[in-house]
Amino acid sequence: MTVSGDDDLIRLQDIGRIVANALEAMAAALEPGMTTAELDAIGRRHLENAGARSGPELVYDFPGATCISVNEEIAHGIPGSRRIDAGDLVNIDISAEKNGVFADTGASFAVPPITNATKRLCRDGRRAMWIGLRQVGANKPLAGIGEAIGTFAQKNGYTLVRNLASHGIGHSLHEEPKEIATWPDRSERRIMNEGLVFTVEPFLSLGAEWAQDGDDPWTLFSEPRALTVQYEHTVVATRNGPLVVTLPG
């Protein structure tokens, strides 16, 4: 999607705010003892009350309104009977559609009590995302995002999962430009056109380099097994830099 006028931007900001508010509500409700299905129900209620439809359900027939991944799971976790325990690392990924426009956001949350290493990983995962976002702007190279995040990760002793990439979004949940690396990629030659809409979503880890299939058709696990966080915003490339649309309000 390329934002070409006020109507496009208004619709994008509307769905961006909806998914951000749903994520904020789920984070506030997260506590030991609840199931991932109960947490998912909170997200579903917020989306439906705002007139939005779950992106994974709508596009891929995913068995849940949101993706909730716990500990060794790093993406596309199916909400269900798993109970969240104290000390767990929980990733919540929310995408939705309204008025023909999609937005996508996500974040990882550590359930207290947590170790200093986990606290630092969460802090630096968010920092890595914003470092990538600061590389966004009209006529800038897409490769700059992965280069900046990769430099940060290497300097601070982290790895990056290299088979889960950022992606274009807007008219559909996943669209061109596809496979935007959040790690250094010397083959990347594409340039961000003004108004381009896409996600920035690095997977920062204490050792994992790949996402590996699990026993069900959806859930992905870290490989090698290591704590991994994901933070994600939907952004528009403008002449003035990044315009993040997935902020609560």
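Predicted model: local features only at pLDDT ≥ 70, side-chain atom pairs only at ≥ 80, totals over all residues.
Two residues are taken to be in contact when heavy atoms of theirs lie within 4.5 Å. Leaving out residues up to four places away in sequence, glycine 51 touches Glu97 and Lys98. Glycine 51 sits in the loop that joins helix H2 (36-49) to strand S1 (53-54). Its relative accessibility is 47%, so glycine 51 counts as partly exposed. Isoleucine 15 is 36 residues away along the chain, yet the C-alpha atoms of glycine 51 and isoleucine 15 are separated by 9.4 Å.

The interior comes next. In soluble globular proteins, nonpolar side chains tend to be buried together. Here the largest nonpolar core has 64 residues, and Ile145 and Phe198 have the most contacts inside it. Helix H1 (residues 6-29) gives the most to this core, with eight residues. Another core, of nine residues, lies apart from it and includes Ile74, Phe203, Ala211 and Leu220. The surroundings of phenylalanine 198 can be listed in detail. When neighbours within four places in sequence are set aside, phenylalanine 198 is in contact with Val136, Leu142, Ile145, His167, Gly168, Ile169, Ile180, Met192, His233, Thr234, Val235 and Ala237.

Two helix pairs are described below. Two packed helices are described by the angle between their axes and the distance between the axes. For H1 and H2, the axes are 9 Å apart and the packing angle is about 150 degrees. H1 and H2 are therefore roughly antiparallel to each other, and H1 passes H2 in a right-handed crossing. On the H1 side, Ile18, Val19, Asn21, Ala22, Ala25, Met26 and Ala29 take part, and they meet Leu39, Asp40, Ile42, Gly43, His46 and Leu47 in H2. Sorted by class, this contact of H1 with H2 has nine nonpolar, three polar and one charged residues.

The other pair is helix H4 (residues 116-133) with helix H5 (residues 143-155), whose axes come within 8 Å and cross at roughly 150 degrees. That angle makes H4 roughly antiparallel to H5, and H4 passes H5 in a right-handed crossing. The H4 residues Asp124, Arg127, Ala128, Ile131 and Gly132 meet Ile145, Ala148, Ile149 and Phe152 of H5. The residues of the contact of H4 with H5 divide into six nonpolar, one polar and two charged.

Most residues other than glycine have a negative phi, and most peptide bonds are trans. Where does the model depart from this? The peptide bond from glutamate 176 to proline 177 is cis, with omega near -5 degrees, and proline 177 lies in strand S8 (residues 175-180). Strand S8 also holds glutamate 179, which has a positive phi of about 50 degrees although it is not a glycine. With a relative accessible area of 57%, glutamate 179 is exposed. The peptide bond from glutamate 223 to proline 224 is cis, with omega near -5 degrees; proline 224 is placed in the loop between strand S12 (220-223) and strand S13 (228-230). Histidine 76, a residue other than glycine, has a positive phi near 65 degrees. Histidine 76 belongs to the loop between strand S3 (73-75) and strand S4 (89-98), and its relative accessible area of 34% makes it partly exposed.

Notes. Residues numbered from 1 in each chain as written. Heavy atoms only, no water. Helix = DSSP H or I, 4+ residues; strand = E, 2+ residues; numbered from the N terminus. Buried < 20%, exposed > 50% of the residue type's maximum accessible area, 1.4 Å probe, protein only. Core = buried A, V, L, I, M, F, W, Y, C linked by side-chain atoms within 4.5 Å. Axes fitted to C-alpha atoms, helices over the stretch in contact; angles between N-to-C directions. Parallel < 35°, antiparallel > 145°, perpendicular 65-115°, else oblique. Left-handed = near helix turned anticlockwise from the far one by under 90°. Nonpolar A, V, L, I, M, F, W, Y, C, P; charged D, E, K, R; others polar.
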